[in-house]
Amino acid sequence: MPDWVRTAAAQKLPAYPANTNAVVLLDNTTYTVAPDGTAVEHVRRVIKILRPQGRDEGLVFVSFDNDRKILSLHVWSISPDGHEFSVNDKEIVELGYPGQGNLYDDERIKAARPPGRDPGGVIAYEYEQRVRPYVAETTWFFQSNTPRLNQNFTLELPAGFTYSTVWAHHVSVKEADLENRRWRWEMNETPAIDLEHVLHRPSELSLAGRMTIHYSSASKSADVKDSWQSIGEWYDGLSHPRLASTPEISAKAIELVAGKSDFYDKTEAIAEFVQKQVRYFAIEMGIGGYQPHFASDIYRNRYGDCKDKATLLSSMLSTVGVHAALLMVDTRRGVIDPDAPSIVGNHMIAAIEIPKGYDSPKLRSVVTAKTGRRYLIFDPTWEKTPFGQLEHNLQGSYGVLMEGVDSQVIALPLLAPELNTVRRAATMQLDADGTLKGTVVEKRFGDVSVRRRALYTNGDAKEQSEFIDHALEQDFPTFKVADMKVENAESLNKDLTNSYTLDVERYARSMGQLLMVRPRILGSEAPSVDHERRTVPIDLSQTMQAIDDYTIELPSGYVVDELPPAVKLDLGFASYQSSSEVKGSTLHYARTYTVRQVTLPPEKYADLQKLSSTIATDEQSRAVLKKQ
């Protein structure tokens, strides 16, 4: 048992919240760069388990691949009663990296289950790993969902190397000069990011502090490459040769655009081919995690990962005179920080250049770069997003445009709510016994239709029936559905239309000569809220608009005696309005709910609570019918 483990374990802990599962007592990293650009990373970590729910925090995982070799790994533990253990090398197992869903990935892990992982127990491990960085940077992720008591990062550079740092989601910390070309950054009592029970929570990594170090030797560059431009130039060197077209690719592209002269029509034809006809499969080995395969291989095999699909799309478009660039993004909104250049990102899409002077209402996800060039942002991996739009989890975030010397970070657009809609209409007949019968038509467009499009194209009849039943259970205790019809499930640029007949017993409640009727027949829109103090940003997921229009034919001999009041609330980020009125012998209800923003500061939570309460009250309000 090394002394540094015992010293860390003997520390007095600050007062942590009662739900804290574990605490990192020590986290030390030393990153040593060799003259040839390779590096050795030495890590020491000590963790104390505080609650039974924290046992998994004591599991040891160290990942590696062909370019990251583990030189040594040692694991120790101290049980709650003070017994010390050293994990034998034979007890450290090697596993495939879990949860990736890739066809093949050379990334693997060494894992250990040390004894003593109970409240009060301490787990420690130390490893050394030789890495061959693909780009001269390393990132220190110093904040997570576990509090950290003491941690530091040490950089060691050979003669002639320089470095710079960029910080994301944290103020910069001054380094200590240890001499002999060694520098250290230290932090104490770093708080955890606790999002476990937070509603509308952002991504943890969008809040977690990190420091990226860019370094360089004077022989290769006079300046440290710490700009988005230099990252784009590096990636352009990796990807540009892979974009080369072939006669087969060119022939297919020409076939797809035959008879089309409009820019949108041509690009849509090719984009939908890559989106629908090239399966998502990932084969990543070493730098293949960043570098796409050759367009010719992707086209021939008809499969690839996100960067492969974006590469083939760019290659095919180039053969018909349309330029496209790769765009690095992250599916977790807010992870890419425009002020912290790095290769931190988990997804690749395409930016299709729009000809000067061209415009079309079908081009919705459009950005303008600093060069003045306009691009249509499109993700060929997202199979249910219409061409011309962008999936909601990328909207309102940032991406890195890989355009050589013109590479830059760009803000991704936030689409109008009217491009992501659900419109429900119902014409119903209410009987004197409270039974409600009629026809419902629901139309969805944009991301709010994605789940149902997948269900109606890939699910079986049982799954489809169960889905509708579960949706209607939110509004009716008992009901019958018949004559189900679905249109445009695969036509992404058309409304997904779902119609059916609905029969609901005891919909209206009888109270003597009165009937209590809910004008809002179906569809719940009130956002979930609680009464906890809000400290993190609010993520509303997507801009959208829901429009309901319901007509109820009154039973013979009844008139409306009382109507719910009209509602109108506009909070800027969202608005809600509804009205109930009598039209002849019918009760008519209409409402519109609009969400205009996706990210709100914590202080807006009171407004979100107000919005939720207003909607919930309106949804449950009743009209009173009186028998004449």
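This text walks through a predicted model, taking a helix pair, a set of paired strands, a pocket and a cavity in turn.

Start at helix H7, which spans residues 450-458. Its buried residues are Val450, Arg452, Arg453, Leu455 and Tyr456. Among the elements that cover these buried residues are strand S26 (436-445), helix H8 (461-472), strand S27 (480-487) and strand S28 (496-504).

The packing of H7 against H8 can be set out in more detail. Two packed helices are described by the angle between their axes and the distance between the axes. For H7 and H8 the angle is about 150° and the axes lie 9 Å apart. On the H7 side the contact involves Arg451, Arg452, Leu455 and Tyr456; on the H8 side it involves Glu463, Gln464, Phe467, Ile468 and Ala471. By class, this contact has 5 nonpolar, 1 polar and 3 charged residues.

Next come the strands. Strand S29 (residues 509-511) and strand S30 (residues 514-517) run antiparallel and are joined by 3 bridges. Met511 stands opposite Leu514 in S30. The two strands form a hairpin with 2 residues between them, and Gly512 in the turn has a positive phi of about 70°. S30 also pairs with strand S38 (residues 623-627), again in the antiparallel sense, over 4 bridges. In that pairing Leu515 stands opposite Leu625 of S38.

H7 and H8 return in the description of open space. The second largest pocket holds about 1,000 Å³. It is lined by 35 residues, of which Arg444, Val448, Ser524, Glu525 and Gln542 are the closest to its centre. Strand S25 (421-430), S26, H7, H8, S28 and strand S36 (586-595) each supply at least two residues of this lining. H8 gives the most, with 6 residues. By class, the lining divides into 16 nonpolar, 9 polar and 10 charged residues.

A search of the whole structure finds 1 cavity of 30 Å³ or more, and the largest cavity has a volume of about 70 Å³. Its lining consists of Gln389, Leu390, His392, Gln395, Leu415, Ala416, Leu419, Asn420, Gly446, Asp447, Gln542 and Thr543. These residues comprise 4 nonpolar, 7 polar and 1 charged. Gln542 lines this cavity and is also one of the residues closest to the centre of the second largest pocket.

How values were computed:
Residues are numbered from 1 along each chain as its sequence is written. This is a predicted model: local features need pLDDT of at least 70, side-chain atom pairs count only at pLDDT 80 or more; totals for chains, interfaces and linings use all residues. Side-chain values use heavy atoms; hydrogens and water are left out. On a 1 Å grid over the protein atoms alone, a cavity is a set of points where a 1.4 Å probe fits but cannot get out, and a pocket is an open set with protein on both sides within 12 Å along at least five of seven lines; lining residues have an atom within 4 Å of a point. Grid points are joined across faces, edges and corners, and a volume is the space filled by probe spheres set on the points. Ala, Val, Leu, Ile, Met, Phe, Trp, Tyr, Cys and Pro count as nonpolar, Asp, Glu, Lys and Arg as charged, and the others, Gly among them, as polar. Two strands pair if DSSP finds at least two bridges between them. Buried means under 20% relative accessible area, exposed over 50%, partly exposed in between (1.4 Å probe, protein chains only). Contact means heavy atoms within 4.5 Å. Axes are lines fitted to C-alpha atoms, for helices over the stretch in contact, and angles run from 0 to 180 degrees between N-to-C directions.
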